[in-house]
Amino acid sequence: MQWVKESGGIRVQDYNTETEEYIELLLSKPENERKKKLGSKLFPLIKGMGYKESTKLTVWILDHMSHDVRTMAYTLNDTAKLRDIVNEAQQSLGVTK
């Protein structure tokens, strides 16, 4: 599903108001709390995809991507993109599904 917000004639692809509010919440928190909040949403998604090393994969993703809050927040709602990121983490860590 594509989200588009029009504002002053500008179209922003993949815009989602709820996700943007979540991003603002995350940005208002210190980094360690931000990682905890992202991790609490990310871990069950990864586990639900059938990955056995869900904890390791979640930690790797948070360590390598939590600085990019916008990408992380939108990835939580995009299964295909999340799977790509988890596969990258798997390769980096040398773990199998």
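Leu42 touches Thr58, Ile61, Leu62, Met72, Leu76 and Leu82, not counting residues up to four places away in sequence; contact here means heavy atoms within 4.5 Å. This is a predicted model, in which local features need pLDDT of at least 70, side-chain atom pairs count only at pLDDT 80 or more, and totals for chains, interfaces and linings use all residues. Residues are numbered from 1 along each chain as its sequence is written, and side-chain values use heavy atoms, with hydrogens and water left out.

Leu42 belongs to helix H2. Helices (H or I, at least four residues) are DSSP runs, numbered from the N terminus. With a relative accessible area of 1%, Leu42 is buried, a term that means under 20% relative accessible area (1.4 Å probe, protein chains only). The C-alpha atoms of Leu42 and Ala73 are 9.4 Å apart in space, while the two residues are 31 apart in sequence.

Two helix pairs are listed below. Axes are lines fitted to C-alpha atoms over the stretch in contact, and angles run from 0 to 180 degrees between N-to-C directions.

| Helix pair | Axes come within | Crossing angle |
|---|---|---|
| H2 (residues 31–48) and H3 | 9 Å | roughly 140 degrees |
| H3 (residues 54–65) and H5 (residues 79–93) | 9 Å | roughly 100 degrees |

By their angle, H2 and H3 are oblique to each other. Angles under 35 degrees count as roughly parallel, over 145 as roughly antiparallel, 65 to 115 as roughly perpendicular and the rest as oblique. The crossing of H2 with H3 is right-handed, meaning that the near helix is turned clockwise from the far one by less than a right angle. On the H2 side the contact involves Lys35, Leu38, Gly39, Leu42, Phe43, Ile46 and Lys47, and on the H3 side Ser54, Thr55, Leu57, Thr58, Ile61, Leu62 and Asp63. These residues divide into seven nonpolar, four polar and three charged. Ala, Val, Leu, Ile, Met, Phe, Trp, Tyr, Cys and Pro count as nonpolar, Asp, Glu, Lys and Arg as charged, and the others, Gly among them, as polar.

H3 and H5 are roughly perpendicular to each other. Their contact is made by Lys56, Leu57, Trp60, Ile61 and Met65 of H3 with Ile85, Val86, Glu88, Ala89, Gln90, Ser92 and Leu93 of H5. Eight of the residues in the contact of H3 with H5 are nonpolar, two polar and two charged.

Glu20 lies in helix H1 (residues 17–27). Glu20 counts as buried because its relative accessibility is 14%. Beyond neighbours within four places in sequence, Glu20 is in contact with Tyr15, Arg70 and Tyr74.

Conventions: Helices (H or I, at least four residues) and strands (E, at least two) are DSSP runs, numbered from the N terminus. Buried means under 20% relative accessible area, exposed over 50%, partly exposed in between (1.4 Å probe, protein chains only).
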